[in-house]
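This note sets out points to follow while the structure is viewed. Each point may be checked against the model in turn.

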Amino acid sequence: MSTGPSILHADLDAFYASVEQLLEPALRGRPVAVGGSARGGVVLAASYEAKVHGVAGGMPGWRAAQLCPGLTFVRGSFHRYQAIADEVMQILGDVTPLVQRISIDEAFLDVAGSTHLFGPPAAIGTLIRDRVRAEVGLPISVGAARTKHLAKVASQVAKPDGLVVVEPEAERDFLDPLPVGLLWGVGSVTERRLAERGIHTVGDLARTERSAMERYLGRATGGTLHALAHNEDPRRVVTSTRARSVGAQSALGRRRATPELVREVLSHLAERVAGRLRAKGRAGRTVTVRVRFPAMRSVTRSHTLGAPVSATLTITEVAERLAWQALHDEGEREVTLLGISVSNLARQEVIQLELPLPPPDPWRPGSPTGAARWAVDRSVDAVRDRFGRSAVGYLPAALGRGAGVPEEFRELAEREL
């Protein structure tokens, strides 16, 4: 672990909305929402001018319009976001080769070896912010600290468009008064549970016994949050990692789990997951389904196949069986979220055909049915590459693509395989 604030977290401010303001100068200084409309739809991102009115990503458009009457809705320049974000990452790479990109608009940097060229971390943070503003035209916030966890917290405190450097001797004074919701992994549900115990700040959490946190939140979550409150984070900046699984999920509000709904949603999710696998020549043996019920209670069910699969219909069928197993086991009929992930990944550039020996198993990639499914999927992929995602697809999945978050937006947030 570094003895100084040599780990930086750089995070573009309100990235999607800031890009829209960059591309359309008339929007600068005005409240902007990407996605949705005053009549409905979902807000995907909001500018800081809109956030001060309470507008946030994931909010219905009609609600955003109520909170901010002067709000301007834009469709989103999805074809520009990736290239603009890549320009920023190139600037970060000019400072240090140790850059770990964790999403389209944020990254960690280890600048311990760059201080002799560019000065101390504070000077490097200033250099990054100045170059991104001058060369790309976007605001970016930077946090610098001894650990990745604290650097990310510092960048959140620095927003919007700021720089915060936490020296080792000031870590406790910096962390203690901050709201516990700033800790990595603390969502709204965990934050409410902590508040019930009188834990509102990071200092409150740090003064709570680790054993008490583990009893209340579980050993893994409680132990991790207790360690983060004490700034115990041994993770290093890693420049290249491969995803160990591919997943997608869909929030449903509160819906009755009918066969039609489950089939439609899982088909859509399986199509997204399988398409990403095939695009990278990968397949996976383990299919996992996550089902969330009302009151934020979630369960998962998994099945490991004999051979890695990437066929859309196969993943759909396995996921359906797992979802209904979970619904039956839990005695529930209302769901708020469904998700699919595929793990135990392996290369799958081609399919090895099998002899048509009984019993027939369409889930085996090399069986006649399994190979046919894979061939159809590859044809669908080719058509979409040429004519767009909406040109062709499976009917149940197509029903789930009509509303909500655009596929282009989802793809920007998906991790590279």
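**Notes on a predicted model**

1. Asn231 is placed in the loop between helix H12 (219-229) and strand E9 (245-256). The phi of Asn231 is near 60 degrees, a positive value in a residue other than glycine. Most residues other than glycine have a negative phi. Asn231 has 3% relative accessibility and therefore counts as buried.

2. Asn344 also deserves attention. Its phi is near 55 degrees, again a positive value in a residue other than glycine. Asn344 belongs to strand E12 (residues 334-347). Is Asn344 buried or partly exposed? With 42% relative accessibility, Asn344 counts as partly exposed, because buried requires under 20% and exposed over 50%.

3. A further backbone feature concerns a peptide bond. Lys159 and Pro160 are joined by a cis peptide bond, with omega at about -5 degrees. Pro160 is located in the loop between H7 and E8. Most peptide bonds are trans.

4. The next point is the sheet. Five strands are involved: this open sheet of 5 strands runs in the order E5-E6-E1-E7-E8, and its pairing is mixed. Strand E5 (99-103) and strand E8 (163-165) are at the edges with a single partner strand each, so one side of each has no neighbour in the sheet. From one strand to the next, the twist averages 15 degrees. Strands of a sheet pair through backbone hydrogen bonds, either parallel or antiparallel. E5 and E6 pair in the antiparallel sense, over 4 bridges. Across this pair, Gln100 is opposite Phe108 in E6.

5. Which strands of the sheet does H4 touch? H4 packs on the sheet and touches E1, E5, E6 and E7, and its direction makes about 155 degrees with that of E5. Helix H7 (residues 148-158) packs on the sheet as well, touching E1, E5, E6, E7 and E8. The direction of H7 makes about 140 degrees with that of E7.

6. In soluble globular proteins, nonpolar side chains tend to be buried together. The largest nonpolar core here has 35 residues, and Phe15 and Ile128 touch the most other members. At least two residues of this core come from each of strand E1 (7-12), helix H1 (15-23), strand E2 (32-34), helix H4 (78-95), strand E6 (106-110), helix H6 (121-136) and strand E7 (140-145). H4 gives the largest share of this core, 9 residues. Setting aside neighbours within four places in sequence, Ile128 has contacts with Leu8, Leu92, Val95, Leu109, Ile140 and Val142. Another core, of 33 residues, lies apart from this one and has Ala248, Leu277, Val287 and Ile340 among its members.

7. H1 is mostly covered, with 7 of its 9 residues buried. These buried residues are Phe15, Tyr16, Ala17, Ser18, Val19, Glu20 and Gln21. Two packed helices are described by the angle between their axes and the distance between the axes. For H1 and H4, the axes come within 11 Å and cross at roughly 100 degrees. These two helices, H1 and H4, are therefore roughly perpendicular to each other. At their meeting, Phe15, Tyr16, Val19, Glu20 and Leu23 in H1 face Arg80, Tyr81, Ile84 and Ala85 in H4 through contacts.

8. Helix H9 (residues 188-196) and helix H11 (residues 210-217) have axes that come within 12 Å and cross at roughly 125 degrees. H9 and H11 are therefore oblique to each other. The crossing in which H9 passes H11 is right-handed. In this pair, Thr190, Arg193, Leu194 and Glu196 in H9 meet Met213, Tyr216 and Leu217 in H11.

9. Trp374 has 14% relative accessibility and so counts as buried. What does Trp374 touch, not counting residues up to four places away in sequence? On that basis, Trp374 touches Arg278, Ser310, Gln348, Glu349, Val350 and Ile351. From C-alpha to C-alpha, Trp374 and Ser390 are 19 Å apart in space, and they are 16 residues apart in sequence.

Key:
Residues numbered from 1 in each chain as written. Predicted model: local features only at pLDDT ≥ 70, side-chain atom pairs only at ≥ 80, totals over all residues. Heavy atoms only, no water. Core = buried A, V, L, I, M, F, W, Y, C linked by side-chain atoms within 4.5 Å. Buried < 20%, exposed > 50% of the residue type's maximum accessible area, 1.4 Å probe, protein only. Contact = heavy atoms within 4.5 Å. Pairing = 2+ DSSP bridges. Axes fitted to C-alpha atoms, helices over the stretch in contact; angles between N-to-C directions. Parallel < 35°, antiparallel > 145°, perpendicular 65-115°, else oblique. Left-handed = near helix turned anticlockwise from the far one by under 90°.
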